[in-house]
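Work through the following exercises with the sequence and the model open. Each task is followed by a solution in steps.

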Amino acid sequence: MWRNPAEDFTKVGVRYFSRHKGEVNCCVFSPDCQILLTCSDDCRLHLWNAKTGQLLAKASGHEGPVKSCVFSADCVLFASASHDCSVRIWLTATAECARVLTGHRRSVETVSFSPDGKRLISGGWDKDAILWDVQNGEIAQIFAGHTDAIQSSAFSKDSRLAATGSWDYTVKVWNLHTEEREITLKGHRGNVVSLCFSASGMLASGSWDGTARVWLPRTAAAIFVLECHRAWVRGVAFSRDGLVLASAGENDTVRIWDMSNGKCIKRLQAQKDATLSCTFAPSGALLTAGSVDPSQEPELWHWDY
């Protein structure tokens, strides 16, 4: 049964994880929220038991800082993007590298799996978005059009659309099943660093301009402009039913938004340092992870919803 989004979130726990040897650039949860994946300037990725904080495995092989990481929907694989200009696909069970994908000419800043697990999209400082075939590791398509570095990416839930966010302040939505031109979403006044699709097809974007925007991507219409944070919005996440949106700010706060009217219904004080990511667990609980300072331990916070 749907619960009133105005009901309080209750903070029920925080857990700390051992340190990387460099700044942590990305924290993501597995789809079942049982594993936390982190990547760092130390060129490594760590997999953690999200409940106990136990280190499950370390993945090494990149020759430069790892900028982004993501799980496949079935959690069999995870992928990483690195300053060494490569994307790697890893086996979650063993943390062994299954494929090295080369094609970018500069640092790769973002990587995302399609929900059907068949494709990856990556982007970086060469301004190109590359669509990869996961099974054979080959380039399926290259999307050109951004005028500055690409820092964020996401797929729609039906795997038919891919979106990329850039330092050119725009979001581009690429239709993977037709020849129609990309749709460009304009309005942000800063780099677009986080993206997320809802189950119903809405697209949320977070930016250095301190706002999150919610779009109908096929029409390029902005439904809501959420002027929410004093600093940049590091992460955005829709609830599983799409009725609320969470935005995680650089200034260590998380805000919860009602998607029926665009109103902020809750402000959560999270980590002492930056919040890197947020997601909704299958139970409906909101999980956030953060801390970029290598002298600080990555933290996991949990609110019941």
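**Exercise 1.** In this predicted model, determine whether strand β11 (residues 119–124) is enclosed or open, and say why.

*Solution.* 
Step 1. Apply the cut-off: a residue is buried if its relative accessible area is under 20%.
Step 2. Take one side of β11: Arg119, Ile121 and Gly123 are all buried.
Step 3. Conclude: β11 is largely enclosed by the rest of the structure, because six of its six residues are buried.

**Exercise 2.** Identify the strands that pair with β11, and find the residues that face serine 122 in them.

*Solution.* 
Step 1. Strand β10 (residues 108–113) runs antiparallel to β11, and five bridges join the two.
Step 2. Strand β12 (residues 129–133) is also joined to β11 by five bridges, again antiparallel.
Step 3. Serine 122 is the bridge partner of valine 111 and stands opposite isoleucine 130 in β12.

**Exercise 3.** For the two hairpins that involve β11, find the residue with a positive phi in each.

*Solution.* 
Step 1. Between β10 and β11 there are five residues, and glycine 117 in this hairpin has a positive phi near 75°.
Step 2. The hairpin of β11 and β12 has four residues between its strands, with lysine 127 at a positive phi near 75°.

**Exercise 4.** Which tryptophans share an aromatic cluster with Trp125?

*Solution.* 
Step 1. Search the whole structure: six aromatic pairs are found.
Step 2. Read off the cluster: Trp125 belongs with Trp167, Trp208 and Trp232.

Note on methods. Residues numbered from 1 in each chain as written. Predicted model: local features only at pLDDT ≥ 70, side-chain atom pairs only at ≥ 80, totals over all residues. Heavy atoms only, no water. Buried < 20%, exposed > 50% of the residue type's maximum accessible area, 1.4 Å probe, protein only. Pairing = 2+ DSSP bridges. Phe/Tyr/Trp six-rings, centres within 6.5 Å; stacked < 30°, edge-to-face > 60°.
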